[in-house]
Amino acid sequence: WVFLLLFPFSMIPFTYVISFGFAKENVSFQVSYIVNMLIGLMLPSLTLILTLFESTRTAAMVLDYIFMILPSYNCLRALMSSNVGKILMGISGDTSVFAWNVNGKNLFFMLVDPFFYLVLLLALELLVLRSSTRDTLDEQLERQILREEEEDVAAEAKFVQDSTSKSSLVVGRCLAKHFYKVKAVDGVSFHVDRGQVFGLLGVNGAGKS
């Protein structure tokens, strides 16, 4: 139960880290699910089988330590190291399940993995944030006005840039939103006056939300 309790704490940041490799959330979810299923079912079985043969036991130990960076591997490997697993590995039945050569190393890595993936996740988030805010606000406004776009959108952007009035209830200047490498909103400017009915029109995925 200790491993099942620790599993979500390492699995959640690990899944978020994987999502940075994909532009679409649904693809990221599907790939993460398949990867974790393969890791959980295949890799622990592989290393356990390799330990049965003298000629491949060293390779099994090396692979075991490499795969311990993966949360699914640690959890399933620990569950497999039950009484049956200890018999297959030639470990005494009186040995504690938390001994280093049974489940101890997996427990150690499951305690370390959440911090490792959280640090990695924060580093990736900072890189994305830095790249998305690299341009100054004035440069974004200038690009927005110079772009070929509908006349009313260009006129609104220029009005917001040049206006110094504080009478508007809402003013948005060159709003931008990034989802990882995808620029969903690219420098939108608008203002809303008192008593004005204002709406955002666009197809699904245009960036309205």
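Start by selecting Cys174, which sits in strand 1 (residues 170-179). Bear in mind as you look around that this is a predicted model. Check the backbone here: phi of Cys174 is near 50°, a positive value in a residue other than glycine. Is Cys174 buried or exposed? With a relative accessible area of 6%, Cys174 is buried, because the cut-off for buried is under 20%.

Next, select Ser19, a residue of helix 1. Ser19 is buried too, with a relative accessible area of 8%. Now show what surrounds this serine. Leaving aside neighbours within four places in sequence, Ser19 is in contact with Ser28 and Tyr180.

Now colour two helices: helix 2 (residues 25-50) and helix 4 (residues 71-80). Their axes are 8 Å apart, and the two pack at an angle of about 45°. That angle makes helix 2 oblique to helix 4. If you turn the view to look through the pair, you are looking at a right-handed crossing of helix 2 and helix 4.

Which residues make this contact? On the helix 2 side, select Asn36, Ile39, Gly40, Leu43, Pro44, Ser45, Thr47 and Leu48. Colour them by type and you will find 7 nonpolar, 5 polar and 1 charged in the contact of helix 2 with helix 4.

Stay with helix 4 for a moment. Of its 10 residues, 7 are buried, so helix 4 is largely enclosed by the rest of the structure. To see them, select Pro71, Ser72, Tyr73, Asn74, Cys75, Arg77 and Ala78.

Tyr73 deserves a stop of its own. Not counting residues up to four places away in sequence, Tyr73 touches Ile39, Leu43, Pro44, Thr47, Asp64, Phe67, Met68 and Asn106.

In soluble globular proteins, nonpolar side chains tend to be buried together.

Methods
Residues are numbered from 1 along each chain as its sequence is written. This is a predicted model: local features need pLDDT of at least 70, side-chain atom pairs count only at pLDDT 80 or more; totals for chains, interfaces and linings use all residues. Side-chain values use heavy atoms; hydrogens and water are left out. Axes are lines fitted to C-alpha atoms, for helices over the stretch in contact, and angles run from 0 to 180 degrees between N-to-C directions. Helices (H or I, at least four residues) and strands (E, at least two) are DSSP runs, numbered from the N terminus. Angles under 35 degrees count as roughly parallel, over 145 as roughly antiparallel, 65 to 115 as roughly perpendicular and the rest as oblique. A crossing is left-handed if the near helix is turned anticlockwise from the far one by less than a right angle, and right-handed if clockwise. Contact means heavy atoms within 4.5 Å. Ala, Val, Leu, Ile, Met, Phe, Trp, Tyr, Cys and Pro count as nonpolar, Asp, Glu, Lys and Arg as charged, and the others, Gly among them, as polar. Buried means under 20% relative accessible area, exposed over 50%, partly exposed in between (1.4 Å probe, protein chains only).
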